[in-house]
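This briefing concerns a ligand site, the cavity that goes with it, and selected backbone features. Please consult the sequence and structure below alongside the text.

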Amino acid sequence: MHYHRRPSWAIADSSVTPEHVFLNRRALLAGMGMGAGLLALPGRGRAEAGISPLEAPQNPAFADAGRPATDESLTAFYNNYYEFGSSKRIADEAQKLDVTGWKVKIAGLVEEEFEIDFQDLMGRMPLEDRNYRHRCVEAWSMVAPWTGFPLSKLVELAKPLSSATYVKFQTFLDPDVATEQRATWWPWPYTEGLTIDEAMNELSFMVVGAYGKELHKQFGAPMRLHTPWKFGFKSIKAIDRIEFTDERPLSFWEELAENEYGFWANVNPEVPHPRWSQADELVLGTDERVPTRLYNGYEEQVAAMYGDLPQSVGERFWR
Ligand SMILES: Nc1nc2c(c(=O)[nH]1)N[C@H]1C(S)=C(S)[C@@H](COP(=O)(O)O)O[C@H]1N2
Ligand SMILES: [Mo]
């Protein structure tokens, strides 16, 4: 029997159901024997290395998230980033990703495809701070103090053709660095997608910093998406390719289990996950479960895009 000290905030592995538990026998077999590594908490010093301050004005419209920002000492060590492992404690492992000289490819239905240096892109985008509620499909939540820019600004820079109806995002692919990418049962690279309308919504945010600093590697440095009215898995990390298309992108989790992690993934307390309720959520850093709200409380900004249909996870299979 193993004993280890668990910080008070740590959520017992049994109290949330991980996104990956549907996995088939192949994955379960391969996952055996990795238990010991899960017990060690990451060394904080290493996970902090090379992080510089990043200052931007607060956007007053998103200053108050209704709850205080979740402490960095929690959020920086409780992550989902399957490229670096399927536990929550991947912070150390994620430090292996080298983001110097990072480039982002803009492709597909645009006036002209191009590749842009991340630093160059940052220089062209209007940075601001926003406090966003984040709701994982596993029924835990946090408030993240992000720095970033509206995705709509990047869409404008990309000059999509009028025929583009979706935006497809991809994470880097480098199995030498992200060892979990050697596992062939996952459909790497991690892929996500939005409709153009969703991408142009004021809430869609490209995150390049958190807690007044450059983004931690484990948060998805150098650049990740956050769509706070959708379940957390839509908020793809470490993006290096953005493609405009007229076909609905097949996202990573949808490809794995389309009835559990559908394309729309709008937060909806009334549509349970096939294996657990979505009616409430555990607020990271507290012992409290609070009621989950439609669109994670962002109804005012997004409801008009969906009409009468919130289109939550798996909904198109159950209708
Ligand atoms: N590339 C990539 N992006 C990802 C994930 C992932 O495994 N890989 N996990 C998603 C899930 S399930 C969640 S809840 C959030 C977690 O973000 P955080 O670790 O910054 O809290 O990232 C999302 N983006
Ligand atoms: Mo998640």
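The lining of the largest cavity comprises 12 nonpolar, 8 polar and 4 charged residues; Ala, Val, Leu, Ile, Met, Phe, Trp, Tyr, Cys and Pro count as nonpolar, Asp, Glu, Lys and Arg as charged, and the others, Gly among them, as polar. The space taken by ligand 1 is this largest cavity. The model is predicted: local features need pLDDT of at least 70 and side-chain atom pairs count only at pLDDT 80 or more, while totals for chains, interfaces and linings use all residues. Residues are numbered from 1 along each chain as its sequence is written, chains are lettered from A and ligands numbered from 1 in the order in which they are written, and side-chain values use heavy atoms, with hydrogens and water left out.

**Cavities**

- There are 2 cavities of 30 Å³ or more in the structure; a cavity is a set of points, on a 1 Å grid over the protein atoms alone, where a 1.4 Å probe fits but cannot get out, and lining residues have an atom within 4 Å of a point.
- The volume of the largest cavity is about 290 Å³, a volume being the space filled by probe spheres set on the grid points, which are joined across faces, edges and corners.
- Of the 24 residues lining the largest cavity, N80, R224, G232, S235 and K237 lie nearest its centre.
- Strand β4 (residues 140-150) gives the most to this lining, with 3 residues; strands (E, at least two residues) and helices (H or I, at least four) are DSSP runs numbered from the N terminus.

**Ligand 1**

- Ligand 1 is surrounded by 18 residues, the closest being E19, Y82, E83, S235 and K237; a residue is near if one of its heavy atoms lies within 4 Å.
- By class, this shell has 8 nonpolar, 6 polar and 4 charged residues.
- Oxygen atoms of ligand 1 are 2.7 Å from a side-chain N or O atom of K237 and 2.9 Å from one of N79.
- A nitrogen atom of ligand 1 lies 2.9 Å from a polar side-chain atom of E83.
- Ligand 1 taken alone exposes 530 Å², of which the protein buries 100%, with areas from the Shrake-Rupley method and a 1.4 Å probe.

**Backbone features**

- W188 and P189 are joined by a cis peptide bond with omega of about -5°, and P189 is in the loop between β5 (166-171) and β6 (191-195).
- The A221 to P222 peptide bond is cis, with omega near 0°; P222 lies in the loop between β8 (213-214) and β9 (224-226).
- K159 is not a glycine, yet has a positive phi of about 50°; K159 lies in the loop between α7 (151-158) and β5.

Technical notes. A polar contact is a pair of N or O atoms within 3.5 Å; within protein, one must be able to donate a hydrogen and the other to accept it, and residues adjacent in sequence count only if both atoms are side-chain atoms. On a 1 Å grid over the protein atoms alone, a cavity is a set of points where a 1.4 Å probe fits but cannot get out, and a pocket is an open set with protein on both sides within 12 Å along at least five of seven lines; lining residues have an atom within 4 Å of a point. A molecule sits in a cavity or pocket if more than half of its atoms lie within 2 Å of its grid points.
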